[in-house]
Amino acid sequence: MNDLLRMACAALMAVALSGCAELSYYVQAARGQMSLLADARPIDRWLSDPDVKDDLKGRLRRVRDIREFAARELSLPDNASYKSFARLDRPFVMWNVVATPELSLKPESWCFPVAGCVDYRGYYDQHDAQAFARQLRERGLDVRVSGVPAYSTLGWFNDPVLSTFIHYPEAELARLLFHELAHQVAYAAGDSQFNESFATAVEEFGVERWLEMRGDKEVRTAYLAFQRRREDFLSLLEGYRSRLEDLYQSPYSDAQKRQRKAALLTDMQDDYAALKQAWGGYTGYDRWFSEPMSNAHFALISTYHDLVPAFRALLKEKAALPAFYQAVRALARADKDQRRLMLERYMSMAQPAASAVSRSVANQAVATQ
């Protein structure tokens, strides 16, 4: 069965399972995915096209190298994913809607066939995402709509490289591809934190190995700067997330919590302005503040990062990627409570230090000075 037909069948199955109320949502999802696949052409065809500019060809060759590296050196799936390219007429492939209660950081969740329950809802059209966000705000929820440059269909389809991220710097491009391919290795339905933290751990290790083998000082230096800014920003978010959590668990009245919440969010924006100055005016995280600040901005931070130390410790114990992946797949099959108990054990083994890639790149940068 080809990808387009399989997508249509999956959409019909989803509608049958969820009821007619969700029909419009699944229809837009099916149309968006089918359009994406229809627009994709093999990278080799783009490279042989005389009308394609040299800059794009150079980037596609780099993607091809990264893709081969992912299979050869990282034991990531060697399939047709990320071996084609699609040029889109929009800045993001889709937009995710995240929502939380007004005085809580616990995200709303939505459940789907195959993927299970996730803490966001994705739309291929920004206007559709904003319309759904308005409905949630009318219910009194804090809401954030954010653009997504890439996503994984977990190996169900041949995910293409997209114009929404092809212009990323080399190491960031590698990081993204390693992350999305990791989702094809192991996936626990209904456990976004497990899935994203695992993929983040793979991307970190993958970029570390990519930079070691590339031996390009300029690329290493650029990624070191990116990683330092990323860690600074995550530290800022984590600090304010913790303060908000303490506030919501405090005995203050709801009115007092609202007042203090507003003050904290204002303070955070002031601290971010100071952080930008320390970065020399770097504006790469400005998009995070493009919508009014709310709890929804903090909802997914833990999803992508809190369990990463546990996966690093597991990788260190297994010593080899195939054994590591096998252990992660076993965790994905386990009961969620049992899975968390195992990860907590590895969390206790983890070192509360900078990420492995930051240490490695920093050491290499110092060595070349």
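A disulfide is defined here as a pair of cysteine sulfur atoms within 2.5 Å, and the structure holds one. The structure is a predicted model, in which local features require pLDDT of at least 70 and side-chain atom pairs count only at pLDDT 80 or more, whereas totals for chains, interfaces and linings use all residues. Residues are numbered from 1 along each chain as its sequence is written, and side-chain values rest on heavy atoms, with hydrogens and water left out.

The disulfide is formed by C111 and C117, whose sulfur atoms lie 1.8 Å apart. The link of C111 and C117 is right-handed, with 95° about the S-S bond. C117 has a relative accessible area of 30% and is therefore partly exposed; in this classification, buried denotes under 20% relative accessible area, exposed over 50%, and partly exposed the values in between (1.4 Å probe, protein chains only).

The secondary structure of the chain comprises 14 helices and eight strands, taken as DSSP runs numbered from the N terminus (helices: H or I, at least four residues; strands: E, at least two). Of the 369 residues of the chain, 50% count as buried. Among contacts in the chain with a separation of 6 or more, 75% are due to residues 24 or more positions apart, a contact being defined by heavy atoms within 4.5 Å.

Strands were treated as paired if DSSP finds at least two bridges between them.

N96 stands opposite S146 in β7. Strand β7 (residues 142-148) is mostly covered, as seven of its seven residues are buried. In a regular strand, side chains alternate between the two faces of the sheet. From β7, D142, R144, S146 and V148 point one way, while V143, V145 and G147 point the other way, and all are buried.

Another open sheet contains three strands in the order β1-β2-β8, and its pairing is mixed. Its edge strands, β1 (41-42) and β8 (161-162), each pair on one side only. Strand β2 (residues 84-86) runs parallel to β8, to which two bridges join β2. The bridge partner of F85 in β8 is V161.

Two packed helices are described by the angle between their axes and the distance between the axes. Helix α4 (residues 54-74) packs against helix α7 (residues 192-214) at an angle of about 105°, the axes being 11 Å apart. This angle makes α4 roughly perpendicular to α7, on a scale in which angles under 35 degrees count as roughly parallel, over 145 as roughly antiparallel, 65 to 115 as roughly perpendicular and the rest as oblique. The contact involves D65, I66, F69, E73 and L74 of α4, together with F205, G206, R209, W210 and M213 of α7. By class, the contact of α4 with α7 has six nonpolar, one polar and three charged residues; Ala, Val, Leu, Ile, Met, Phe, Trp, Tyr, Cys and Pro count as nonpolar, Asp, Glu, Lys and Arg as charged, and the others, Gly among them, as polar.

A310 is placed in helix α11 (residues 308-318). With a relative accessible area of 1%, A310 is buried. When residues up to four places away in sequence are not counted, A310 touches L343, Y346 and M347. The C-alpha atoms of A310 and A350 are separated by 6.1 Å, although these residues are 40 residues apart along the chain.

Most residues other than glycine have a negative phi. S75, in the loop between α4 and β2, has a positive phi near 55°. The relative accessibility of S75 is 35%, so S75 counts as partly exposed. A319 lies in the loop between α11 and α12 (321-333) and has a positive phi near 70°. A319 is exposed, with a relative accessible area of 69%.

Technical notes:
Axes are lines fitted to C-alpha atoms, for helices over the stretch in contact, and angles run from 0 to 180 degrees between N-to-C directions.
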